[in-house]
Amino acid sequence: MIPLTLLGVTLIVFGITRLLPGGPLEQALAEAQNMKSGRHGGNESSLSPEQQEEIKRYYGFDKPWLQAYAIWLGILPAEINTHTFVLLPQESQKKVTVSHRDNVTGENIDEEVTLFLHRESVDQVEVLDSDGKTHLAWQASLSQLPEQKTDGNIRQNKILVFQRKFAGVLQGNLGNSFIHNLPVWDVIKSRFPVSVYFGVLTLIISYSISIPLGILKALKHKTHVDNLTSILIFVGYAVPGYVLATCLQYLFAFKLDLLPHSGFRGDNFDALSFWGKIGDQLSHTILPLLCYLIGAFAFMSMLMKNELMNNLAADYVRTAIAKGTSFRQAVFRHAFRNSLVPIATSFGNSISLLIMGSFLIENIFDINGFGLLGFTAIVNRDFPLVLGILLISSFLMLLGNVLSDLCVALVDPRIRFDK
């Protein structure tokens, strides 16, 4: 079901990106228009249809969205290494030279190839090699630009020469980022470790605190320990992480000047000694980590307490105590394991959410993580990057659901795997 779910999610979002205004096509047209107006010192007329169609083809908006989605997915081949040439009506054949540049992956190949464009008919052009045979690697068609252009009394044909290659998601290619001008996977790969770092630390520390704290609160219900910790937990649960981030940043970074106010590492990190690097990393970790922890451990602690109290009041626990089992054994051998079932249910989703990061916390502390990358990609209408992030985040969410089911099977004594 994971592949079908990913297919449905990406298909819907891909269609939405084609309908949203202000995308990369509109931004490129506006930028080109501003440059043109600036050069001429006034309001210039809009770009020519040829220029607009050229920009559409560059950004992949020249095809129907279902066909474009199939190309992005890797089911249909993409047109790579595209070149545009002019073929006059009186020319039955034309010699051209093309260079190898993969305009899908951005790969440069220092090689030039000589081709011959041969006119088969008015609307058909064939690519030949030096021996006059049909070239197997190159193809030609009337470009998506206007097919005819009048230049005096001569009508010119614009021909698009290209290669075809399967270069989509199924081939491990997520496309190129419009803003960063880099492959999407390279951009994501550079940001992913930052969010994983904070996500793993948050997960380990929150579960290490919340489970013992929940047990303590259940066993000390309605005591001063329970009341005091409940106040702290509800305050932590009520304060959003980004609000706490602003307060901690002002107090410890600007007011007391004890910790750095932003960044994942210091500017001179590479020049520090081994212990200096550890200290620098820890100093940049404390404030963001506290903001990630504040909501996670509060929810988990109350969940653990409530489930454990429900199980301690169950008949099977009273029966175990009546048969001579000590209260401690009844808690940790019977009630505790059943109380872990709701926590195990949310374990997989917690992993996926924490790894994705929080763009608000990352934005406040100027941390270039996965969450901030997704936010800036949406704001800048960087659709290939948005789709790449959506694909990875959806996969992590679905994988987290599977992991949650496995965790439930491990802690729930009622679930058994049949051979």
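**Helix packing, pair by pair**

Modeller: H5 and H13 are oblique to each other. Angles under 35 degrees count as roughly parallel, over 145 as roughly antiparallel, 65 to 115 as roughly perpendicular, and the rest as oblique. The model is predicted: local features need pLDDT of at least 70, side-chain atom pairs need 80 or more, and totals for chains, interfaces and linings use all residues. Residues are numbered from 1 along each chain as its sequence is written, and side-chain values use heavy atoms, without hydrogens or water.

Biologist: At roughly what angle do the axes of H5 and H13 cross?

Modeller: Two packed helices are described by the angle between their axes and the distance between the axes. Here the axes of H5 and H13 cross at roughly 55° and come within 9 Å. Helices are DSSP runs (H or I, at least four residues), numbered from the N terminus. Axes are lines fitted to C-alpha atoms over the stretch in contact, with angles from 0 to 180 degrees between N-to-C directions.

Biologist: Is the crossing of H5 and H13 left-handed or right-handed?

Modeller: Right-handed. That means the near helix is turned clockwise from the far one by less than a right angle; anticlockwise is left-handed.

Biologist: Which residues make that contact?

Modeller: Contact means heavy atoms within 4.5 Å. H5 brings Val184, Trp185, Val187, Ile188 and Phe192; H13 brings Pro384, Leu385, Gly388, Ile389, Ile392 and Leu396. By class, that is 10 nonpolar, 1 polar and no charged. Nonpolar covers Ala, Val, Leu, Ile, Met, Phe, Trp, Tyr, Cys and Pro; charged covers Asp, Glu, Lys and Arg; the others, Gly among them, are polar.

Biologist: How do H12 and H13 pack?

Modeller: H12 (residues 370–379) meets H13 (residues 383–411) at about 140°, axes 9 Å apart. That makes H12 oblique to H13. Their crossing is left-handed. Phe370, Leu373, Gly374, Ala377 and Ile378 of H12 touch Leu385, Val386, Ile389 and Ile392 of H13.

Biologist: What about H5 and H8?

Modeller: H5 (residues 184–219) packs on H8 at about 35°, axes 6 Å apart. The crossing is right-handed. Their contact has 23 nonpolar, 8 polar and 2 charged residues.

Biologist: Where does H8 kink?

Modeller: A bend is the angle between axes fitted to the seven residues ending at a residue and the seven starting there. In H8, a kink of about 35° lies at Ile286, shortly before Pro288.

Definitions and conventions. Helices (H or I, at least four residues) and strands (E, at least two) are DSSP runs, numbered from the N terminus.
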